[in-house]
Amino acid sequence: MSFVPASLVERLRTARERRGALLSDPRTTAFRLVNGAPDGVPDVTVDSYAGLPVVSLYRDFTPSEEEALLSAIEEAWAPRSLYLKRRPREARVVANTARDVVAPEQPARGEPVESLEALENGLRFRIRPAQGLSVGLYLDMRETRAWLLEQVKGLTVLNLFSYTCAFGVVATAGGATRVLNIDTSRRVLEWGEENALLNGQPVDRYDYVAGDVFDWLGRLAKKGQGFDMVISDPPSFSTTRTTRFSAARDYPQLAEAAARVVAPGGRLVACCNLSTLPSRRFEAMVAEGVGRAGRQGRTVLSLGPSPIDFPASPEAPPGLKVNVVQLR
């Protein structure tokens with residue numbers, strides 16, 4: 001049996017206690033338990049979905065280090081199961097590594113869990129912990145989704161890079177008159193449809209479009225279609241048959257294309273991973289793209305992850321930036 005440092009067990013227990021407001025909220029069962037260095041566990045995050053921890057490692061841990069960490073989690077929290085994701089910082093490293101290495105289908109501890117339901121502000125989402133590196137819901141967007149819920153009544157919403165359509169589910173719950181979800185993957189869109197059905201929402205296949213986001217933004221602009229709210233939450237990198245997108249390089253083009261389909265007086269919700277693109281550069285790129293589209297805009301709100309479960313420190317600043325830009 002590997003040695004489990006008592007100090008690590010204590011740090012894990014303390015991190016969980018810091019989430020007290022979330023632990024006691026019956027309407028939200030999906031949140032981050034450990035956020036790396038600010039919680040005293042560098043290079044490690046742990047996301048909890050209905051009590052099931054998903055552990056992510058952001059450097060190469062030795063087998064003995066992994067064993068000690070997983071054993072400490074078992075001792076600290078006694079979960080029925082837990083899953084492990086190994087996330088090298090460079091996307092090319094992930095792409096060249098076997099999936100069963102970076103995201104094993106079998107749990108690292110406990111019994112297999114094919115899927116489960118997690119709650120966020122009373123809404124239900126299907127989580128598949130063995131599916132890959134991404135299990136169905138990005139928890140750092142919880143605050144942005146809560147904001148969206150209160151903003152969309154009577155509005156039309158375009159959800160770009162929709163993944164499993166969490167923003168779409170929230171917008172529909174908030175009273176949006178129409179939500180159009182676009183993603184390159186039909187599989188994740190079907191997952192999004194499943195999320196809608198979990199919440200008693202109708203599903204129209206015409207509102208779940210599989211295809212290249214830039215291609216569809218061009219089509220929508222050509223047709224003169226506009227949306228009151230356009231949500232742009234791209235991956236840091238993506239490749240389709242026709243385009244290669246890098247947020248650090250191509251965000252002005254994305255902001256330009258998105259701005260062309262924002263209705264007059266509407267808002268562009270521009271999201272960015274700050275580990276890829278520094279905050280000031282991101283803001284400048286959004287402004288550049290909006291200007292290229294011949295639109296005038298001003299940032300009316302900036303959002304980020306909740307400090308309750310995404311604490312930051314000078315050495316580990318917040319990893320997410322969301323700018324809400326009002327367009328004329």
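**Strands, cores and a bent helix in a predicted model**

P5 lies in the segment before helix α1 (6–18). Helices (DSSP runs of H or I, at least four residues) and strands (runs of E, at least two) are numbered from the N terminus. The structure is a predicted model, in which local features need pLDDT of at least 70 and side-chain atom pairs count only at pLDDT 80 or more, while totals for chains, interfaces and linings use all residues. Residues are numbered from 1 along each chain as its sequence is written, and side-chain values use heavy atoms, with hydrogens and water left out.

P5 is partly exposed, because its relative accessible area is 26%. Buried means under 20% relative accessible area, exposed over 50%, and partly exposed in between (1.4 Å probe, protein chains only). L133 is 128 residues from P5 along the chain, and 28 Å separate the two C-alpha atoms.

Confidence comes next. pLDDT is the predictor's confidence in each residue, from 0 to 100. The protein chain averages 93, and 96% of the residues score at least 70. Over residues 91–96 the pLDDT is below 50, and this stretch has four contacts in the model beyond near neighbours in sequence. Contact means heavy atoms within 4.5 Å.

A nonpolar core is a set of buried Ala, Val, Leu, Ile, Met, Phe, Trp, Tyr and Cys residues joined through side-chain atoms within 4.5 Å. The largest one has 36 residues. Within this core, Y49, L137, L148, V157 and M229 touch the most other members. Several elements each supply at least two residues, among them β3 (52–57), α6 (142–149), β14 (262–273) and β16 (320–327). Helix α7 gives the most, with five residues. Another core, of 32 residues, lies apart from it and includes I182, V262, A270 and M285. In soluble globular proteins, nonpolar side chains tend to be buried together. Y49 also has contacts beyond four places in sequence, including T29, V54, L116, I127 and L139.

Strand β11 is largely enclosed by the rest of the structure, because five of its six residues are buried. Two strands pair if DSSP finds at least two bridges between them. β8 (residues 156–160) runs parallel to β11, and four bridges join them. Here L160 has S232 of β11 as its bridge partner. β11 also pairs with β14, again in the parallel sense, over five bridges. In that pairing F227 stands opposite V262 of β14.

Strands β6 and β7 run antiparallel and are joined by five bridges. E117 stands opposite R126 in β7. The two strands form a hairpin with two residues between them. In the turn, N121 has a positive phi of about 50 degrees. Four of the five residues of β7 are buried.

S71 lies in α3 (residues 63–77). S71 counts as buried because its relative accessibility is 14%. Its side chain makes a polar contact of 3.2 Å with the side chain of R109. A polar contact is a pair of N or O atoms within 3.5 Å; within protein, one must be able to donate a hydrogen and the other to accept it, and residues adjacent in sequence count only if both atoms are side-chain atoms. Helix α10 (residues 247–259) bends by about 30 degrees at Q253. The bend is the angle between axes fitted to the seven residues ending at a residue and the seven starting there. Ten of the 13 residues of α10 are buried, including D250, Y251, P252 and E256.
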